[in-house]
Amino acid sequence: KGSNEESAPSVSANSIKITDITQDGETLTFAITSQKSSSSAGVCVFRTYEDFDWLQQSLLSQEDVPGLLGVIFPPLPGKPLPSTSFTQAKALKQFGFLALGDEWKIYCKALELYLQQVAAHTTLSKSKALSSFFSSTESPGKHRGKKGIFKRLSHVMEEMRKEGHKDVDKFFQSERDSCTHLSVLFKVSTEKFLDTVLTKQKLAVACGHFSTSLHLVCNHDNPAAVTFSKICLKLSDIIEAVKVNFEKVSDNDVSSMGLALDLESRYQEAKKEMLFRRTCKLVELEAANRNSERAKPNKKAIMEGVQKATQKEFNLISSVAKKEIEQYHRARVSVLRDFLVSWCEKQLSTAQETSALFSQHLEACRGFVV
Amino acid sequence: MLIKNCEPLVRAHIEAQVSLSAQTIACDGMNAYMAYKVTTKTSLNLFNRNEFTVKRRFSDFLGLHSKLASKYLHIGYIVPPAPEKSIVGMTKVKVGKEDLSSAEFVEKRRSALERYLMRTVNHPALLKDPDVIQFLESTELPRAVSTQALSGAGILRMVNKAAEAVNKMTIKMNESDAWFEEKQQQFENLDVQLRKLHASVESLVCHRKELSVNTASFAKSAAMLGNSEDHTALSRALSQLAEVEEKIDQLHQEQAYADFYLFSELLGDYVRLITAGVFDHRMKTWSKWQDAQVMLQRKREAEAKLQYANKPDKLQQAKEEIKEWEAKVQQGERDFEQISKNIRREVGRFEKQRVKDFKVVIIKYLESLVHTQQQLIKYWEAFLPEAKAIA
């Protein structure tokens, strides 16, 4: 009955790529290619953000998946606002690093990672919604299913009290504590890193102005003036090279370290949400225990029934959660490693290119006859 | 730090080289002041020795400039402008706090004074001037009085007043020499261009300093991450990352200094050089010559009238006045030709020197850029194995 043991082969996570993006007015459409793990035939589908949102909601509201509440759901990036209706500043505030980069490059990468993460997840990869997402010719988001009924972290006072509720398990208490602490630190680092990237972009623009102004110094009156004009043009080329370097460096920053920090922040939020769901269940369980103890004889049986069911749910959630957390820690380190290595290699390569270019300029200038 | 070391930024003739170092001097328990040791190395016979050092105060430099300006500006020499009292850039953008005791301020001033002296000594006529020789050589120098009006800004005000006065007279100079008309226009254009360039560079310096602050801030946050991270190898890598970023911050600061000391100051110097107003002085000289001619004409007319007036004393006086004014007219013409000749020569020298100055600065700048990239390569190469070691 609606079991996940379908014979339909699952999508290979590594094969998922977002290959193209088109904009039509306010709507963005993503072209996604993928392969089933059993075949080498590629499939291409076109999806809008609504479809991604539908997918996430479907995953969240799956029935008959035991302990679903204990799953750390891969975080979906927020809804993209088309460039016609927002300013750069607003986009930065909302999306941070995902707002940077030409033509949604970074945002697409984040979406791609999301799909890969879902497809790689032991439980979620089996969902019918996922396979429908990758194969259905129709846009699945058009038929809105029911929304997830999960509690999201909100600022309601009652919710905040629950968040601080003391745990019965040392492992989970320590996870909750470190999660809060680390997520604050990561948020701060992300902001600071974003500041450095934005300043580098400002520097690139300033170099552009400087380089252009040098072109205006143009005079062919006499030999000395001609030489001076030549020197100014030479300097203009050099400053242009400085500008290009800044652009490359900040590009490298955004596409590796920036994306890594953004992903890490959002995944920590997802983990936090899962832990909160479990905590809520704990609160519910403790309430059920109290009710069961205090129940009048005529209600006792019912209350005990509720207590038993809640206990069972809680145990399931906790056991799923524990596995999820362990998987999370492994995956997280691996992802950060890959991004750090990629960032370092990119910056090293850019520095080597730029160094060679500046050295060439230096030799040319030294040989410049005045 | 790259360019704080002694190599002068203005290339001199082989004949004389000047370098400055700064030192604070406490004076009789009253206020301490800054003195500069001026060291000259020369092979010229004008000087008693080949290498010598004297101590000078900022006001001494202003005093020297005011003497040179009063002697040479009006005959068409491009006298190097006096060093600025304030270090606020021409765009009035405060690049950092103006702290008079800060190391940054001292270095900016020292560098400005050094460039000023080098430019002065570079000028073949000025090098031989007795005031310059005295300034470089003699142990004691009479204190310059009331330096308020003598500061760069003060001189500028004086010159501008003169220029305004000239403009108010609405001199319609019959420019027989197209060269001057063109050159004046070029200098005006150059002034506009240089100011624009200067503004660009100040913006660059400002952003680089901002980048340095942001990088340091990020480095701190990365260090905190490293401390809180449970996974050992990841924690280590994050701490290493923090160190790399700190080093990069240092590079940004050095590069900002290079931007500033090389370009910003050079461009500023040249703008001030151009606004010294030689062309205005030539106009004034021409105007004086024309006025003398007008006066001579009047005297001749007066004499002609007196021919029929039978006043022999007055006639004699009129004839003498004519002689006087004829001489003045001749002098006026000579002065005008002289200043025109001087300006042509000075402008030629200026244009040649400009190319040399810029070339020196560009090469130094490129050297600093190459150095920065090579340091970055070192840092990233060192970090890569740390990142790869995360298991």
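Below is a short chat about a predicted model with two chains, A and B.

User: What should I know about the model before we start?
Analyst: The model is predicted, so local features need pLDDT of at least 70 and side-chain atom pairs count only at pLDDT 80 or more, while totals for chains, interfaces and linings use all residues. Residues are numbered from 1 along each chain as its sequence is written, chains are lettered from A and ligands numbered from 1 in the order in which they are written, and side-chain values use heavy atoms, with hydrogens and water left out.

User: OK. How many helices and strands are in chain A?
Analyst: Chain A has eight helices and three strands. Helices (H or I, at least four residues) and strands (E, at least two) are DSSP runs, numbered from the N terminus. Along the sequence the pattern is β-β-β-α-α-α-α-α-α-α-α.

User: And in chain B?
Analyst: Chain B has nine helices and three strands. From the N terminus its elements run β-β-β-α-α-α-α-α-α-α-α-α.

User: What share of each chain is buried?
Analyst: In chain A, 49% of the 370 residues count as buried. In chain B, 51% of the 391 residues do. Buried means under 20% relative accessible area, exposed over 50%, and partly exposed in between (1.4 Å probe, protein chains only).

User: How many residues of chain A are in contact with chain B?
Analyst: 60 residues of chain A are in contact with 56 residues of chain B. Contact means heavy atoms within 4.5 Å.

User: What area is buried there?
Analyst: About 5400 Å² is buried between chain A and chain B, and carbon and sulfur atoms give 76% of that. Buried area is the accessible area (1.4 Å probe) that two parts lose on being put together, summed over both. On the chain A side, Phe210(A), Phe228(A) and Cys344(A) lose the most area to chain B, together 11% of what that side buries.

User: Pick one residue that touches the other chain. Where does Leu225(B) lie?
Analyst: Leu225(B) lies in helix α6 of chain B, residues 178–228. Setting aside neighbours within four places in sequence, Leu225(B) is in contact with Leu182(A), Leu185(A), Phe186(A) and Ser189(A), and also with Leu238(B).

User: Why does Leu225(B) count as buried?
Analyst: Leu225(B) counts as buried because its relative accessibility is 3%.

User: What is the volume of the largest, and which residues lie nearest its centre?
Analyst: The largest cavity holds about 400 Å³ of space. 25 residues line the largest cavity, and Asn245(A), Phe246(A), Val249(A), His252(B) and Leu376(B) lie nearest its centre. The elements giving two or more residues to that lining are α6 (170–215), α7 (223–294) and α8 (297–366) of chain A, with α6, α7 (232–274) and α9 (312–388) of chain B.

User: How do the lining residues of the largest cavity divide?
Analyst: That lining has twelve nonpolar, nine polar and four charged residues. Ala, Val, Leu, Ile, Met, Phe, Trp, Tyr, Cys and Pro count as nonpolar, Asp, Glu, Lys and Arg as charged, and the others, Gly among them, as polar.

User: What about the second largest cavity?
Analyst: The second largest cavity has a volume of about 160 Å³. Of the 14 residues lining the second largest cavity, the closest to its centre are Pro80(B), Arg119(B), Leu273(B), Arg349(B) and Gln353(B). α9(B) gives the most to this lining, with five residues.

User: Switching to chain B, how many residues of helix α4 are buried?
Analyst: Six of the eight residues of α4(B), residues 130–137, are buried. What covers the buried residues includes β2 (33–42), β3 (51–57), α1 (58–72), α2 and α3 (124–127) of chain B.

User: What caps the N-terminal end of α4(B)?
Analyst: Asp129(B) does, with a side-chain oxygen 2.7 Å from the backbone nitrogen of Asp131(B). A polar contact is a pair of N or O atoms within 3.5 Å; within protein, one must be able to donate a hydrogen and the other to accept it, and residues adjacent in sequence count only if both atoms are side-chain atoms.

User: Last one: which side chain does Ser292(A) join by a polar contact?
Analyst: The side chain of Ser292(A) is joined to that of Gln307(A) by a polar contact of 3.2 Å. Ser292(A) is in helix α7 of chain A.

Conventions: On a 1 Å grid over the protein atoms alone, a cavity is a set of points where a 1.4 Å probe fits but cannot get out, and a pocket is an open set with protein on both sides within 12 Å along at least five of seven lines; lining residues have an atom within 4 Å of a point. Grid points are joined across faces, edges and corners, and a volume is the space filled by probe spheres set on the points.
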